[in-house]
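Me: Can you walk me through this one? I'd like to start with charged pairs.

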Amino acid sequence: MEMNGEYRIPANRETVWQALNDPDVLRACIPGCRELERTSDTSFAATVRAKVGPVSATFTGEVQLEDIDPPAGYRIQGEGKGGVAGFAKGGATVRLAEDGEETVLTYDADAKVGGKLAQIGSRLIAGTARKLADQFFGNFAEHVAPGSGGAATE
């Protein structure tokens, strides 16, 4: 499954970059995040509760940051295991571009799922993934620039 999006955040690129690398900000913005801890300069351990259709599970996993180019962006790779629900793994390239006083955040993501999750169907999984991405970026924009509401651009 592949997904991409673009969000306009009313804050400068350096502020957005700092927030994208702050575990406290990420923990507050990731839907269902129970724990998020930096384990090295380029990795995090996470526990996230998610529901996809009839399958609800707590996923634990590791996330690595690669191709780090501050404050322009990075590649994030990760894998999570949800017990009998299955697994999810994938990554995303996140880019930040200045546009006046704002930052345009774009991402291209890819993901694979297995176990019970794979039996649900790609349309439901893709819809849930899009919803979670929109929730994350809306939360993130609101955290970085309170009152902004996180405007997704088409």
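Reply: First a definition: a salt bridge is a side-chain nitrogen of Lys or Arg within 4 Å of a carboxyl oxygen of Asp or Glu. One such network links Arg8, Asp99 and Glu102. Keep in mind that this is a predicted model, where local features need pLDDT of at least 70, side-chain atom pairs count only at pLDDT 80 or more, and totals for chains, interfaces and linings use all residues. Residues are numbered from 1 along each chain as its sequence is written, and side-chain values use heavy atoms, with hydrogens and water left out.

Me: How many salt bridges does that rule give?

Reply: The count comes to five salt bridges.

Me: Which residue does arginine 8 bridge to, and how far apart are the atoms?

Reply: Arginine 8 pairs with glutamate 102, and their closest N and O atoms are 3.0 Å apart. Arginine 8 is in strand β1 (residues 2-9) and glutamate 102 is in strand β7 (residues 102-114), so the pair ties together parts that are 94 residues apart in sequence. Helices (H or I, at least four residues) and strands (E, at least two) are DSSP runs, numbered from the N terminus.

Me: What does aspartate 24 pair with?

Reply: Aspartate 24 forms a salt bridge with arginine 27, with the closest N and O atoms 2.7 Å apart. Both residues sit in helix α2 (residues 23-29), three residues apart, which is about one turn of the helix. Arginine 27 is partly exposed, with a relative accessible area of 30%.

Me: And which partner does arginine 75 have?

Reply: Arginine 75 bridges to aspartate 110, and the closest N and O atoms are 3.0 Å apart. Arginine 75 belongs to strand β5 (residues 73-81) and aspartate 110 to strand β7, so this pair ties together parts that are 35 residues apart in sequence. Arginine 75 is buried, at 16% relative accessible area. Aspartate 110 is partly exposed, at 33%.

Me: Let's stay with β5. Which way does β4 run against β5?

Reply: Antiparallel: eight bridges join strand β4 (residues 55-69) to β5. Two strands pair if DSSP finds at least two bridges between them. Glutamate 62 has glutamate 79 in β5 as its bridge partner. A hairpin of three residues joins β4 to β5.

Me: How many bridges are there between β5 and β6?

Reply: Nine bridges, and β5 and strand β6 (residues 87-99) pair in the antiparallel sense. Isoleucine 76 stands opposite alanine 92 in β6. β5 and β6 form a hairpin with five residues between them. Glycine 83, in that turn, has a positive phi of about 65°.

Me: New topic. Where is asparagine 21?

Reply: Asparagine 21 is in the loop between α1 (13-20) and α2. Asparagine 21 counts as buried, at 18% relative accessibility.

Me: What is asparagine 21 in contact with?

Reply: Leaving aside neighbours within four places in sequence, asparagine 21 is in contact with Arg38, Phe44, Leu65 and Tyr74. Contact means heavy atoms within 4.5 Å.

Me: Last stop, the rings. How many aromatic pairs does the structure hold?

Reply: The structure holds six aromatic pairs. Rings of Phe, Tyr and Trp (its six-membered ring) pair if their centres lie within 6.5 Å; planes under 30 degrees apart count as stacked, over 60 as edge-to-face and the rest as tilted. One of the six pairs is tyrosine 7 with phenylalanine 137, which is stacked at 4.6 Å centre to centre, with 25° between the planes.

Me: Where do tyrosine 7 and phenylalanine 137 lie?

Reply: Tyrosine 7 lies in strand β1 and phenylalanine 137 in helix α4 (residues 122-144), so the pair ties together parts that are 130 residues apart in sequence. Tyrosine 7 is buried, at 3% relative accessibility. Phenylalanine 137 is buried as well, at 9%.

Me: What about tyrosine 107 and phenylalanine 137?

Reply: Tyrosine 107 and phenylalanine 137 are stacked, 5.0 Å centre to centre, with 20° between the planes. This pair links distant parts of the chain: tyrosine 107 is in strand β7 and phenylalanine 137 in helix α4, 30 residues apart. Tyrosine 107 is buried, at 4% relative accessible area.

Me: Which residues do the ring pairs link into a cluster?

Reply: Tyr7, Tyr107, Phe136, Phe137 and Phe140.

Conventions. Buried < 20%, exposed > 50% of the residue type's maximum accessible area, 1.4 Å probe, protein only.
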